[in-house]
Amino acid sequence: MAELFHRKIERTAIGFVLAIIAAASVGGIIEIAPLFTIDETVEEAPDMRPYTPLELAGRNVYMREGCYACHSQMIRTLRDDVDRYGPYSLAVESRYDHPMLWGSKRTGPDLARIGGKYSDIWHVAHLTNPRDVVPQSNMPSYPWLARTSLRTEDLGLHLKAQQQIGVPYTDEMIANAARDALGQALPDSDYAAGVQERYGDKAQISAFDGVTTELTEMDALVAYLQVLGTLTDAAYENTVAPEEAPDAEDLAAGSATTSGGR
Amino acid sequence: MMVSQLTRGEREVSILIAAAVALCGLALAIAGRNDPLGVHGAFVLVGGVALIAFLLSRLDSPEPDVSLRPSEYYDDPIKVGIALSMLWAVFGMFVGVWVAAELAWPFLNFDTAWLSFGRLRPAHTTGVIFGFGGNALIATSFHVVQRTSRARLAGQVSPWFVLLGYNLFCFIAVSGYLMGLTQSKEYAEPEWYADLWLVVVWVTYFVLYLRTIARRKEPHIYVANWYFMAFIVVVAILHIVNNLAIPVSLGHAWSYPIWSGVQDAMVQWWYGHNAVAFFLTAGFLGMMYYYLPKRAERPIFSYRLSILSFWGITFFYMWAGSHHLHYTALPHWVQTLGMTFSIMLLVPSWASAGNAILTLNGAWHKVRDDATLRFMFVAAVFYGLSTFEGSFLAIRPVNSLSHYTDWTVGHVHAGALGWVALITFGSIYTLVPSLWKRERMYSAALVEVHFWLALIGTLIYVFAMWNSGIVQGLMWRTYTESGTLAYSFLDSLVAMYPYYIARTLGGFLFLLGAIVGCYNIWMTVRASPAAAETAPKDLPDARWAEGTATTPAE
Ligand code: HEM
Ligand code: HEM
C-alpha cells in the first residue's frame with residue numbers, strides 16, 4: 001500500500017517537493033517557535049545592560065579575528081565546567097548577543113567569565129604575543145590590533161542597527177556612540193563621565209591598551225574581554241547546583257595525580 | 001567551450017546578465033567605498049566586465065545547430081563544474097593542512113592578519129564544503145538529472161548562471177574572511193550581500209532542476225533525484241532563516257543577525273546540523289544512489305529501503321540540531337528532543353549505508369579490482385561509521401565528554417574525508433571518462449594511489465583526533481583526591497601537540513591524493529577521445545545501460 005502510494009508521488013515533482021517541505025518543517029517549528037513564547041526560556045535579570053559602543057566594537061574584532069573558533073562562551077551545567085570557569089551560563093547573559101558566540105570548540109579555555117580575571121596589561125601582552133606570557137600556548141599573535149586605530153565614526157549606525165532588532169539602546173546612546181567609545185578609554189575625561197551616565201557605574205573606564213593618545217582595536221578588544229560575564233549578576237544568584245559529570249568516576253578513576261586547579 | 005553551444009541570442013542574454021552583475025558590483029563599490037564592502041564591489045565589477053569582454057569576443061563565433069538539442073545532453077557546465085570542484089578541493093585541503101600546522105606550530109601565523117588561524121579556518125571549511133562539495137553536487141546533479149530523466153537540461157544559460165554564480169558566492173565568502181568579514185555563524189559566515197546573491201542563484205538552480213525533471217521521459221523520478229531535490233529545497237529554507245540579518249547600512253559589509261542569544265543558538269544549530277544533513281549527506285547520497293550502482297553495474301539492492309531511509313532522513317534530521325547544545329542554557333526539553341531524534345536517526349542512516357553495501361553483493365570482485373568502486377564502497381562504510389558515531393555523541397552523557405574537544409573534529413572528518421570526499425572522488429572517476437568520451441581514466445594505477453593516500457590519510461587524521469579528544473575530555477574532568485581539578489587547561493593543551501602533528505601529516509597525505517587525482521583527470525581530458533564505435537552511446541534517445549542500474553531490483 002505505502003509503496004503504491006509512493007509510486008504515485010514519485011510521478012509528480014511538485015508534489016514530491018511539497019512533501020519534502022512538509023516533512024522537513026515539523027522539527028524546526030516545534031523546537032524553535034516555543035523558545036520565543038515560553039517565558040522561562042530566558043531568565044529575568046533587571047540589571048542586565050547592553051554593551052557600550054567600545055565593547056561592541058571589541059566584540060566585532062573578536063568575531064572578525066575568529067576567536068570564537070577556539071574559545072567557547074558557554075559554561076555548561078557540569079561540575080567540572082563550573083569548577084574551572086565559574087557559575088554556568090544563563091540564557092539571559094547572551095540575550096543581547098546578535099549573534100551569540102557560544103562556540104563549539106575549546107582549543108583554548110572558555111571565556112564566558114574572563115572579565116576581571118586578568119589585568120588589562122596582561123591581556124595586551126597576551127594578545128600581542130601569547131607566548132610571552134604562556135610559553136606553551138598555540139594561540140596566534142595579534143600585534144596589528146594595537147597598531148590599528150579603531151573606526152568610531154560609524155558606531156552610531158551599529159547601535160542603531162542593534163536597536164532595530166531589539167537591543168535597548170536609547171537614541172541618546174546612539175547619538176553619543178563615537179564619543180562614548182573614546183571616553184571609555186580616556187579615564188578622568190568629560191567623555192568618560194558620559195559613559196557611566198548612560199551605561200551605569202559598573203561600566204569600566206580604563207586606558208585599556210595603556211595608551212590614551214589613540215583609540216585602537218586593542219582598546220576595544222580588551223574592553224570587551226573585561227566585560228565578559230559581568231553584564232549581570234544573575235548567574236551568581238538562585239542557580240541550582242551543577243550536575244556531576246555522569247560517568248566521571250568510572251572514566252577518571254585512578255588517573256588523578258597532579259594537583260592545582262585551572 | 002562555454003559559448004560554442006549558445007546561440008547568438010543566448011549570448012546576448014548572457015551579456016545582459018553579466019552587465020547586471022557588473023552594475024551590482026559598481027553599486028556596492030560606490031556605496032561601500034569607505035568599507036571592505038567596496039573591495040568586494042570592485043571584485044564583482046571587474047569579474048562582470050571581464051565576462052562581458054569574453055562574451056563579446058565570441059559573439060560572432062559559429063552557432064550550434066539548435067535542432068539537435070533535444071537529442072543531446074548538455075554537458076559543458078558539468079565539465080567546468082568538475083574542474084572547479086577539484087580546484088577548490090586542492091585549495092580547501094591545502095588551507096586545512098595549513099591551519100592544522102598552525103595549531104601545532106603557531107609561528108606559522110606569521111603575525112599576519114589574513115594568515116591567522118581564526119580567519120583561515122572558515123576559509124578551509126567554506127573551501128571544502130561549499131567549494132569542493134558544492135561544485136561536485138551541482139555538477140553531478142546536472143549529470144544525474146539528465147541521465148535518469150533522459151532529457152536535456154531545461155536551459156542553456158541558466159546552468160552557467162547557477163555554476164558561475166555559485167562560485168562567485170564562494171569567492172566572495174573566502175576573500176571576505178581573509179579581510180575579516182564574517183557573521184561568525186559556523187558554515188554560514190558570509191555576509192548579507194553574499195547571502196542575498198546565493199538566494200538568487202539557488203532559486204534559479206531549483207527552477208532549472210524542476211523544469212528538467214518535468215521533461216523526463218520516465219514516469220518515475222529516480223531515487224537520486226529525490227535526494228538532490230531535498231538538498232536544493234531544504235538548504236534554501238535553512239539558509240534563509242539562519243541568515244536573516246540587518247546590515248549596519250547599505251554601505252557596510254557588517255551586519256547583525258536578527259536572532260540573539262539562546263534563540264540564535266538554536267536557529268544556528270538547526271541550520272548547522274542540517275547543513276550536515278542536507279548538504280553533506282542528502283546531496284552526496286544522491287551521488288551514491290546513481291554512481292555506485294552504475295559503476296557496479298548492479299541495481300540498487302532495495303527500493304523499500306530507499307523510501308524508508310529517504311523519508312527518515314528528511315523528517316528526523318530536522319529535530320536533531322539541539323544535540324549541539326547539550327548542558328547549555330538551551331531549555332532541557334529541547335536537548336532531550338534533539339538527543340532522542342538523533343538516536344532514531346541511526347535507522348534511516350544505516351538503511352542507506354546498508355542499501356549501498358548490499359548493492360555490491362555479487363560484485364565484490366569488482367570492489368577488489370577497481371579502485372573507483374572501492375572509493376564508493378569505503379565511503380558507504382564511513383557513512384555508516386560516522387552516523388553511528390554521531391548518534392552516540394548525541395547522547396547527553398557521552399556529549400559531556402566529547403563536546404568542545406577534538407573528538408567532534410574527529411567525527412567531522414570521519415564524515416567529511418571518509419564519506420563526503422571519498423564518495424565524490426569515486427563519482428568523479430566514474431563520471432570523467434564517460435563525460436569526455438574516453439574509454440577509461442588515464443591511469444588506473446594513479447586512481448589506486450589516490451585511494452590509498454586518501455584512506456591512510458583519513459585513518460591517521462581520525463585516530464589522532466579520537467585520541468586527542470578523549471584525552472582532552474578526560475583531563476578536563478579529572479579531580480584529585482582532595483576534590484580539586486587535577487589538570488590546568490594548559491596541561492591539556494600541551495598533551496595535544498603530538499596529535500596535532502599527526503593530524504597535519506594525515507591531512508597532508510589526503511591532500512597529496514587529491515593532487516594526484518587532479519593530474520589524472522587532466523591527463524584523461526587531454527587524451528584523444530575513444531573511437532566512435534567503442535564509445536558507449538550516451539544520448540537521451542538511446543535507451544542505453546541506464547535502464548539496468550536505475551530501475552529498482554524489486
Ligand atoms: C586535507 C584534509 C583536511 C585537513 C588537514 C583538515 C584540517 C582541519 C582543521 C585543522 C580544522 C580545525 C579544527 C579545530 O578547530 O580544532 C578543520 C575543521 C573542519 N574541517 Fe577540515 N580538514 C581537511 C579536510 C576537510 C574536508 C574534505 C572537509 C569537508 C568536506 C572538512 C570539513 C571541516 C569542518 C566542517 C570543520 C569544522 C569542524 C568543527 O567546527 O567542529 N575538512 N579541518
Ligand atoms: C546520524 C547521523 C549523525 C548524527 C546524529 C550526528 C551527531 C553529531 C553530534 C552529536 C555532534 C557533536 C556536537 C557537539 O558536541 O558540538 C556532531 C558534530 C558534527 N557532525 Fe555529526 N552526526 C551525524 C552524522 C554526520 C555526518 C555524516 C557528517 C558529515 C560530514 C557530520 C558532520 C558533523 C559536523 C561538521 C559537526 C561539527 C559541527 C561543529 O561543531 O561545527 N555528522 N554531529
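Visitor: What lies over the face of F451(B)?
Guide: That's R374(B), at 4.9 Å from the ring centre. A charge sits over a ring here if NZ of Lys or CZ of Arg is within 6 Å of the ring centre and within 35 degrees of the ring normal. Keep in mind that this is a predicted model, where local features need pLDDT of at least 70, side-chain atom pairs count only at pLDDT 80 or more, and totals for chains, interfaces and linings use all residues. Residues are numbered from 1 along each chain as its sequence is written, chains are lettered from A and ligands numbered from 1 in the order in which they are written, and side-chain values use heavy atoms, with hydrogens and water left out.

Visitor: And which ring does the charged end of R79(A) sit over?
Guide: The ring of Y479(B), with 3.9 Å to its centre.

Visitor: OK, ring on ring now. How many aromatic pairs over all chains?
Guide: The search of the whole structure turns up 47. Rings of Phe, Tyr and Trp (its six-membered ring) pair if their centres lie within 6.5 Å; planes under 30 degrees apart count as stacked, over 60 as edge-to-face and the rest as tilted. Take Y205(B) and F231(B): the centres are 6.3 Å apart and the planes are at 75°, so this pair is edge-to-face.

Visitor: Where do Y205(B) and F231(B) sit in the chain?
Guide: Y205(B) is in helix α6 (residues 192-214) of chain B and F231(B) in helix α7 (residues 223-242) of chain B, so to speak distant parts of the chain, 26 residues apart. Helices (H or I, at least four residues) and strands (E, at least two) are DSSP runs, numbered from the N terminus.

Visitor: Is that pair buried or exposed?
Guide: Y205(B) is buried, and F231(B) is too. Buried means under 20% relative accessible area, exposed over 50%, partly exposed in between (1.4 Å probe, protein chains only).

Visitor: What about Y209(B) and F228(B), how are their planes arranged?
Guide: They're tilted, with 55° between the planes and 6.4 Å centre to centre. Y209(B) is in α6 of chain B and F228(B) in α7 of chain B, 19 residues apart. Both Y209(B) and F228(B) are buried.

Visitor: Which cluster do the ring pairs build there?
Guide: One that links F130(B), F142(B), Y166(B), F169(B), W202(B), Y205(B), Y209(B), F228(B), F231(B) and F279(B).

Visitor: What does F279(B) touch?
Guide: Leaving aside neighbours within four places in sequence, its contacts include I129(B), F130(B), Y166(B), W202(B), F231(B) and F284(B). Contact means heavy atoms within 4.5 Å.

Visitor: Which residues touch the most other members of the largest nonpolar core?
Guide: F279(B), W419(B) and F425(B), in a core of 245 residues. A nonpolar core is a set of buried Ala, Val, Leu, Ile, Met, Phe, Trp, Tyr and Cys residues joined through side-chain atoms within 4.5 Å. Helix α8 (residues 261-296) of chain B gives the most to this core, 22 residues. Domain 1 (1-41) and domain 2 (53-255) of chain A both give residues to the core, so it lies between them. The bounds come from an automatic or database domain assignment.

Visitor: How far apart are the C-alpha centres of those two domains of chain A?
Guide: 40 Å.

Visitor: Back to α8 of chain B. What does Q268(B) touch?
Guide: M100(A), K185(B), E186(B) and N242(B), not counting residues up to four places away in sequence. Q268(B) is in helix α8 of chain B, and is buried at 2% relative accessible area.

Visitor: Switching to backbone: where's the cis peptide bond?
Guide: Between H98(A) and P99(A), with omega about -5°. P99(A) is in the loop between α4 (79-85) and α5 (120-128) of chain A.

Visitor: And what is phi of F110(B) and of Y327(B)?
Guide: F110(B) is near 50° and Y327(B) near 65°, each a positive value in a residue other than glycine. F110(B) is partly exposed, with a relative accessible area of 44%, whereas Y327(B) is buried at 2%.
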